[in-house]
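Here are some notes on one strand and its surroundings, as a colleague might pass them on. Please read them with the model open.

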Amino acid sequence: DTTSAFASALGAFYAGAKIAHVGGGLRTGDMANPFPEEGHRTMATRLASLHLAATARARAALKAEGIHPGKVEVTGSPIVDTLRKALALEAPIEADLASWIEGRKLAVLTVRRSDRLGEGAAGVVEAIRVLHDRDAALRWALVLRRDHAPSDILRAQLQGLERVRFLDRMPYPVFLTLLKRASILLTDAGGILEEAPSLGIPVVLLADKTSRVEALEGGWAELAGTDPKRIQQAFDAYRRRWLAPRAPSPYGDGHAAARIVAALRRKIGLR
């Protein structure tokens, strides 16, 4: 659903080339949320002749839009493939950080989108202050961006809290090592909802809508927006059942790439 994906699809359309859309069928139903991704993926769907959907729900969304079922393959998400490969690298986090969280419950927060967290950063700050003060056993790792308005607000207003660490964005395998140690994740990003279930980590999503509805249905994620009370309620709901079993990850088994290649080979007539 990136700009580059849509631009590539449009260029292929002009050139008369066949288009296969990986990750087809993700939808919120709101062209403004997420913006511009919902527009990109909706327009790419109209141009594609093969739709490689991660889940059965994505396939159903395409069918509802009039896409012929014979043009859709459910493959799982290649994000899970990447996750498995990155986990195998076993990239270490810094020794000081590892020592700081050793034997502690850990909450990780990531910030990516200005459109979701821009005006709502103050609400996130309020929620974290309350949750931090209420549980002395919980540590907070905040993975923030540089020169990014919501991240700057979080840094400025949460500075001085004794159990909070501010971390710069890090290489993906290192971030996964940190995330594996977390009991809960708070984030404004959508794609990470495909990774968290594979790691067994519940997510409080700082958004009002998501195209990864399977994560909500499986009990892996709760929508909280940026309202501090909703964030606290979602956090508390998970805290009461951190060790409770949940549904298996709905995003595949880490072999999506092989299924995608097989679907492409069938499409172009290769055995």
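1. Two strands are said to pair if DSSP finds at least two bridges between them. By that rule strand S8 (residues 203–205) pairs with S7: the two run parallel and are joined by 3 bridges. Within this pairing, threonine 187 stands opposite leucine 205 of S8. Note that the model is predicted.

2. S7 also pairs with strand S4 (residues 105–110), again in the parallel sense, over 4 bridges. Here leucine 185 of S7 has valine 108 opposite.

3. S7 itself covers residues 184–187, and threonine 187 belongs to it. Are the faces of this strand buried or exposed? Ile184 and Leu186 on one side are buried, and so are Leu185 and Thr187 on the other; both faces are covered.

4. Threonine 187 has 0% relative accessibility and therefore counts as buried. A polar atom of its side chain lies 3.1 Å from the backbone nitrogen of alanine 189.

5. Which residues does threonine 187 touch beyond its neighbours within four places in sequence? The contacts are Thr110, Ile192, Val203, Val204, Leu205 and Leu206. Leu205 is also the residue opposite threonine 187 in S8.

6. Helix H7 is a separate item. H7 spans residues 121–134, 14 residues in all, and reaches 20 Å from its first C-alpha to its last, close to the 20 Å expected at 1.5 Å a residue. Its buried residues are Ala121, Gly123, Val124, Val125, Ala127, Ile128, Leu131 and His132.

Key: Residues numbered from 1 in each chain as written. Predicted model: local features only at pLDDT ≥ 70, side-chain atom pairs only at ≥ 80, totals over all residues. Heavy atoms only, no water. Buried < 20%, exposed > 50% of the residue type's maximum accessible area, 1.4 Å probe, protein only. Polar contact = N/O pair within 3.5 Å; in protein donor to acceptor, adjacent residues only side chain to side chain. Contact = heavy atoms within 4.5 Å. Expected span 1.5 Å × (residues − 1).
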